[in-house]
Amino acid sequence: MSGGPDDLARKVLQPGQCAGCGLCLDLCPYLQVVEEKVVMIHPCGLKEGDCYRVCPRTPTDWEDMDRSVFGAARADHVLGHHREILFARATAPEIAAAGQYGGVVSALIAFALGRGEVRGAVLTAGAPGEMPRPALAENPEEALACAGSKYSAAPSLRALHEAARRGLEPVAVVGRPCQVLAVRKLQRARGLEAHHLAGRKVAWVTGLFCFWALDPAFYAFLRAKTGDARILRVDFSPDSLLVHTDRGLLSEPVDKVRGFVRPACRECFDPTSEFADVAVGSTEYDEAWNTLVVRSERGEALLRAAREAGVIEVKPYPPERLPLLRTAVLNKKLRTLEAQAARGESSHLQLSEGYRRALTGRDQP
Amino acid sequence: MSILGVRLDEPGRSVLLTGNEAVARGALEAGIGYASSYPGSPSAEVLGVLAELAGERGFYAEWSVNEKVALEGAAAASFAGLRAICVMKADGLNVALDTLTALSESGTKAGLVVVVSDDPGGHSSVKEEDSRYLGKVAHLVILEPADPQEARDMTVAAFGLSEQLRAPVMLRCVTRVCHAGGNVVLGALPPGPAGRPHFGRQERYITFVAFHGLQEQRLAQARAIGENWPFNAYLGPPEPEILVITAGPGFLYAREAVEVLGLGDRVGILKLGMSWPLPEKFLLRHLKSASKVLFVEEVEPFHEENVGYLVACHLEEVHPLAIYGKKSRHVAGPQGPGLGEIDVDAVIRALAALAGVPHETRSSDYGREARQLVKKMPDRELGFCAGCPHRASFWALKTAIALDGREAVVLGDIGCYTLGLTRSGYFLMQTVHAMGSGVGIADGLGKLGRFGFDQPVIALVGDSTFYHAAVPALINARYNRSRFLLVVLDNETTAMTGHQPHPGMGVTALGEKVPALSVEEVAGALGVPVTVHDPYDVRGTVEVVYRLLRQDGVRVLVLRRTCALVSARERKPRVYVDPERCVGDACGCHRFCSRVFGCPASIWDAARGRAKVDEAVCNGCGVCATLCPQGAIVVEEVG
């Protein structure tokens with residue numbers, strides 16, 4: 001499936017379907033970003049472009065991605081490829097404390113940087129309550145400075161191009177599910193040397209759980225709520241926005257925030273980073289731990305090394321919690337299929353009949 | 001052609017001078033005490049030369065902030081008894097006109113010569129205004145030299161005439177006089193400005209409607225002088241069949257046309273050195289003998305209309321007489337009658353038709369033929385120079401406007417940055433009028449919010465233009481609560497006319513160091529918030545413009561970076577493409593540097609399929625290196 005910048009503008013940018021991953025930025029001088037909005041400032045005139053090829057919101061054959069990333073079709077239509085699903089946390093108290101929950105992402109990246117397994121990590125930086133920004137960490141300290149959840153769509157894959165420009169390799173990528181997909185599309189695209197080098201230099205990809213990202217207007221809303229207070233930490237419970245400040249805890253019903261959800265996120269089919277080597281999220285259960293989904297052989301090897309080095313500890317995923325995770329993911333996927341049908345646009349999702357049936361339990365209308 | 005010839009104290013010696021240099025020489029010989037100008041093509045070099053000689057000749061010269069101020073300064077010198085010259089282009093005359101129309105009514109004392117250069121064809125102007133009409137409105141005597149010798153001669157004569165009439169005299173030069181080189185026989189140089197300036201307690205120079213009659217008397221006096229004035233001349237047989245009435249370079253074209261066609265016994269040429277007021281008796285004497293009259297002049301049919309009226313008033317004396325020229329469409333350049341320059345061919349065609357002689361003018365297809373001989377001769381578009389900071393500014397503006405997404409309106413005016421309306425400025429600029437007019441238009445648009453107008457407004461102005469004409473509009477904007485972003489494209493010089501100094505540069509025409517008056521000082525004093533940024537930092541500039549576009553009220557952004565033609569004299573890093581890093585057409589940029597960004601130093605190496613920097617053209621700004629997505633362009637300090 002090929003296309004160019006005009007198609008990208010028509011199918012992705014104009015209908016508000018850009019996920020803000022940042023990978024198309026810096027491939028050319030024509031795509032620029034402001035306040036997490038990607039804008040085409042000049043028609044480059046090419047009929048085909050890498051921007052279109054790597055975009056996570058251009059047509060993507062989901063099962064073909066499974067085969068190219070994992071070498072096999074998926075058995076689990078909801079959660080994708082997984083070798084293990086665990087509870088995990090960083091053993092170092094300072095890392096666990098810095099992280100949003102169990103600090104697993106920070107611990108893995110710091111571990112890999114510290115051991116020299118990667119020379120750089122593509123991350124997202126930014127203080128709580130501020131618009132986040134792409135970051136390229138070169139040592140554990142810089143990686144730890146990026147700890148903590150971010151709630152809007154920083155175009156952090158820009159840092160992957162920055163790493164390529166600086167000759168920093170190999171690198172680890174931490175990203176939202178859309179960013180994981182973008183990196184995977186970059187890695188399997190063929191033909192245009194320079195940019196692919198950036199993809200080939202990715203040692204492994206840590207995906208985050210992400211059910212939505214917010215528009216940066218959220219930060220103005222936040223500032224209005226918190227006034228002069230300093231924001232220490234932002235978090236979401238299933239029904240509340242929780243803002244920890246130096247003057248105490250503020251809470252807002254999550255419904256007040258829903259209006260800020262990025263339109264593209266309403267059509268996201270992948271809340272658990274199905275194409276990552278490992279995927280990490282909250283447990284929605286115990287704040288001291290993360291959910292860790294080990295998806296690939298590489299992910300498994302990384303986790304093994306991290307456990308042997310004693311930086312990560314794990315425990316079994318509570319069996320009674322698994323159906324809750326599965327339902328949440330399935331519902332997100334079904335909502336997306338409905339939203340796409342309602343919008344009437346051709347979907348970026350290319351799903352086989354079999355997959356669709358397995359998911360919905362019925363044939364395509 | 002050089003300043004050496006202008007300063008040469010050898011009366012009777014013939015030297016090669018341009019028309020501009022000849023005017024300067026004439027002013028020296030007239031013993032001026034005061035010279036002022038705002039730089040404008042094609043006459044910018046007049047004051048440039050005078051400023052260089054002011055020290056040794058003991059007179060004063062300045063680059064003024066605008067033509068009105070320049071003229072008022074020159075008038076002051078005249079009132080105080082010093083001969084003064086004031087130089088401007090036609091557009092500048094419009095700026096100075098209010099004062100000029102008053103000066104001819106109030107009268108002047110010592111000789112005051114106003115040199116106005118017209119630019120037929122607009123070689124370096126946005127319009128081809130025929131300033132003679134405004135000279136007539138101002139009740140001025142208008143002299144028109146045909147070549148550098150006359151430029152010198154008429155300048156000297158103009159001072160005498162001005163003193164005789166006690167009014168300013170206008171010397172109208174066109175590009176082909178200003179920039180042409182010719183032999184000029186020099187006159188004597190006086191020791192220096194005569195006398196100590198003094199403004200007598202009883203002297204009055206008052207503009208008052210009651211003095212209108214005085215203006216008309218002065219013109220009548222000038223007309224009488226013109227009847228026997230040597231610059232109004234006739235050349236040809238005593239009783240010509242066809243009379244050509246011409247002035248300026250048209251005289252040279254007519255003389256050559258008559259010669260080429262061998263019509264010396266049938267055609268006479270009446271050359272008007274004084275285009276206004278008309279020497280009526282002299283004209284009528286020759287009109288009576290001819291049956292056809294052909295007008296050869298640039299740009300508009302000024303003589304044609306005025307002499308046509310004279311003919312109408314004296315029909316019985318001149319009958320039968322047919323009038324030919326622009327209105328009959330006989331005299332026409334390639335764009336048609338009354339448009340652009342004329343040349344010898346245009347006059348030959350007209351005369352051949354009138355005389356009924358066959359003549360093939362040289363094929364105007366020689367351009368096409370040359371092109372066939374030299375295959376692949378590329379078109380050369382008008383564009384910013386290599387390394388021009390404006391290119392970086394326009395790319396940053398284009399980017400910020402696209403990111404802003406609200407269809408910002410971009411208003412401009414006259415200067416190098418006028419090219420912002422072309423590909424070189426990414427077609428951003430939407431209005432071009434007069435000096436500083438973009439600011440006034442922005443001021444207007446910025447008040448239309450009450451009708452629902454919600455597009456951001458950007459006015460662009462150069463640094464020299466800012467001092468010239470932007471300040472009153474900025475004051476009005478603040479006073480009347482307009483909303484727009486004024487971007488001052490500050491290249492720290494008056495670049496377009498040849499890098500003349502301005503108030504922001506801390507140096508005068510005489511080379512004296514003075515305290516610089518920055519744009520931010522001026523705007524800041526008006527209470528308008530000012531941001532200063534370096535346009536070579538494109539990414540930073542985009543952020544600043546984006547942020548400022550979202551602010552309210554009037555705000556100023558100074559994008560400051562010295563003109564690349566100036567800075568490259570001091571420092572010129574080597575910029576080249578690393579062919580290992582440039583991936584050619586495999587890059588998503590689609591030849592950004594050579595095809596889109598458009599710096600003339602960025603070229604495409606077709607043989608290697610890679611971008612390349614033409615190091616002979618490059619001025620070393622390195623902006624392309626910051627925009628190349630591959631980081632393939634290397635900037636290397638030299639020396």
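**Figure 1. Salt bridges in the predicted model.** Over all chains, the structure holds 57 salt bridges, a salt bridge being a side-chain nitrogen of Lys or Arg within 4 Å of a carboxyl oxygen of Asp or Glu. The model is a predicted one, in which local features need pLDDT of at least 70 and side-chain atom pairs count only at pLDDT 80 or more, whereas totals for chains, interfaces and linings use all residues. Residues are numbered from 1 along each chain as its sequence is written, chains are lettered from A and ligands numbered from 1 in the order in which they are written, and side-chain values use heavy atoms, with hydrogens and water left out. In chain A, A:Glu117 pairs with A:Arg115, with the closest N and O atoms 3.0 Å apart. A:Glu117 is partly exposed at 36% relative accessibility; buried means under 20% relative accessible area, exposed over 50%, and partly exposed in between (1.4 Å probe, protein chains only).

**Figure 2. A salt bridge between two helices of chain B.** B:Glu280 and B:Arg223 meet through their side chains in a salt bridge of 3.6 Å, N to O. The pair links distant parts of the chain, 57 residues apart: B:Glu280 belongs to helix α11 (residues 280–289) of chain B and B:Arg223 to helix α9 of chain B. Helices (H or I, at least four residues) and strands (E, at least two) are DSSP runs, numbered from the N terminus. Both partners are partly exposed, B:Glu280 with a relative accessible area of 30% and B:Arg223 at 22% relative accessibility.

Figure 3. B:Asp443 forms a salt bridge with B:Lys447, the N and O atoms in closest approach being 3.2 Å apart. With a relative accessible area of 5%, B:Asp443 is buried. Salt bridges with shared partners also join B:Asp118, B:Asp130, B:Arg132, B:Glu144, B:Arg172 and B:Glu297 into one network.

**Figure 4. A nonpolar surface patch on chain B.** B:Ile206, B:Phe208, B:Val209, B:Phe211 and B:Leu214 make a nonpolar surface patch of about 460 Å². Patches are made of residues with over 30% relative accessible area and no salt bridge, like charges being joined within 9 Å and nonpolar side chains (Val, Leu, Ile, Met, Phe, Trp, Tyr) within 5 Å. Accessible areas come from the Shrake-Rupley method with a 1.4 Å probe; for residues, only the protein chains shown count as cover. B:Leu214 lies in helix α9 (residues 212–227) of chain B and is partly exposed, with a relative accessible area of 35%.

**Figure 5. Strand β19 of chain B and its parallel partners.** In strand β19 (residues 554–560) of chain B, six of the seven residues are buried. Strand β17 (residues 484–490) of chain B runs parallel to β19(B) and is joined to it by seven bridges; two strands pair if DSSP finds at least two bridges between them. B:Leu486 has B:Val556 as its bridge partner in β19(B). Strand β18 (residues 530–533) of chain B is also parallel to β19(B), with four bridges, and B:Thr531 has B:Leu557 as its bridge partner there. Together, β18(B), helix α20 (residues 538–549) of chain B and β19(B) make a right-handed β-α-β unit. A crossover is right-handed if, with the strands pointing away from the viewer, the path from the first strand over the helix to the second runs clockwise.

Figure 6. Most residues other than glycine have a negative phi, and most peptide bonds are trans. The peptide bond from A:Glu169 to A:Pro170 is cis, with omega near -10°, and A:Pro170 lies in the loop between α7 (158–165) and β7 (171–175) of chain A. In chain B, a cis peptide bond with omega of about -5° joins B:Glu298 and B:Val299. A:Glu36, not a glycine, has a positive phi of about 65° and is buried at 4% relative accessibility. A:Glu284, likewise not a glycine, has a positive phi of about 55° but is exposed at 57% relative accessibility.

**Figure 7. Surroundings of A:Phe269.** A:Phe269 is found in the loop between α11 (255–258) and β12 of chain A and is buried, with a relative accessible area of 1%. Residues up to four places away in sequence not being counted, A:Phe269 touches several residues, among them A:Trp62, A:Lys333, A:Leu349 and A:Tyr355, where contact means heavy atoms within 4.5 Å.
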